[in-house]
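Visitor: Please walk me through this model, one feature at a time.

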Amino acid sequence: RSLLRTRSRAPAMASSAALDAVDLSKVVDQTGYAVVDATGAIIEASGDLEGEEGERVGATVLRMAQDAGALLASGGGLGKQRMSRMTITFAACHYVVAVAGDRVVVVKKATGSDGVA
């Protein structure tokens, strides 16, 4: 069952199997990453997103992804779409979020990398 389907009928971006083939530790300029399942549990984490910080960020981002998926599935003034990626930007860092099957992938980067201000 797709993670986004827990609140909407929007299909997920990619399969969990495709995610298993990706080495997140090799993402350029990342300071940490976390893979979160549909219950909010951390499956894998590294760097800044290990421990309590990763659990807090993972749970928050999971809810945001579910809400964004529900908004897009309902039309939300944009026509029915599915989420492919979401970026959450703060002064010191940004989080790049993608949905892969029943998982949410969160990569933390320093603000300024990837052209994000």
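Guide: Start with burial: a residue is buried under 20% relative accessible area, exposed over 50% and partly exposed in between, with a 1.4 Å probe and protein chains only as cover. E53 has a relative accessible area of 27%, so E53 is partly exposed. Across the protein, 42% of the 117 residues are buried.

Visitor: What are the ground rules here?

Guide: This is a predicted model, where local features need pLDDT of at least 70, side-chain atom pairs count only at pLDDT 80 or more, and totals for chains, interfaces and linings use all residues. Residues are numbered from 1 along each chain as its sequence is written, and side-chain values use heavy atoms, leaving out hydrogens and water.

Visitor: What is the mean pLDDT of the protein?

Guide: pLDDT is the predictor's confidence in each residue, from 0 to 100. The mean for the protein is 78. Of its residues, 71% reach 70 or more. Over residues 1–13, pLDDT stays under 50. For that stretch the model has 42 contacts (heavy atoms within 4.5 Å) beyond four places in sequence.

Visitor: How many helices and strands does the protein have?

Guide: Both are DSSP runs, numbered from the N terminus: helices are H or I with at least four residues, strands are E with at least two. The protein has two helices and five strands. Along the sequence they follow the pattern α-β-β-α-β-β-β. Contacts also span the chain. Among those between residues at least 6 apart in sequence, 52% join residues at least 24 apart.

Visitor: Which strand pairs with β1, and in what sense?

Guide: Two strands pair if DSSP finds at least two bridges between them. β1 pairs with β2 (residues 42–47) in the antiparallel sense, over five bridges. V35 stands opposite E44 in β2. The two strands form a hairpin with four residues between them. In that turn, G40 has a positive phi of about 95°. β1 itself is mostly covered, with six of its eight residues buried.

Visitor: Which residue has a positive phi although it is not a glycine?

Guide: Most residues other than glycine have a negative phi. D29 has a positive phi of about 65°. D29 sits in the loop between α1 (16–20) and β1 (30–37). At 46% relative accessibility, D29 counts as partly exposed. From D29 to T111 is 9.8 Å, C-alpha to C-alpha, although they are 82 residues apart in sequence.

Visitor: How many salt bridges does the structure hold?

Guide: A salt bridge is a side-chain nitrogen of Lys or Arg within 4 Å of a carboxyl oxygen of Asp or Glu. The structure holds three. One of them joins D48 to K108, with the closest N and O atoms 3.5 Å apart. That pair links distant parts of the chain, 60 residues apart. D48 is in the loop between β2 and α2 (51–74), and K108 is in strand β5 (residues 103–114).

Visitor: K108, with a relative accessible area of 13%: buried or exposed?

Guide: K108 is buried at that 13%.

Visitor: How far apart are the closest N and O atoms of E53 and R56?

Guide: In that salt bridge they are 2.6 Å apart. E53 and R56 are three residues apart in helix α2, so about one helical turn separates them.

Visitor: Which residue forms a salt bridge with R103?

Guide: D102 does, with the closest N and O atoms 4.0 Å apart. R103 counts as buried at 18% relative accessibility, while D102 counts as partly exposed at 34%.

Visitor: Which residues form an aromatic pair?

Guide: Rings of Phe, Tyr and Trp (its six-membered ring) pair if their centres lie within 6.5 Å; planes under 30 degrees apart count as stacked, over 60 as edge-to-face and the rest as tilted. The structure holds one such pair. F90 and Y95 form it, edge-to-face, at 6.1 Å centre to centre and 85° between the planes. F90 is partly exposed, with a relative accessible area of 46%. Y95 is buried, with 8%.
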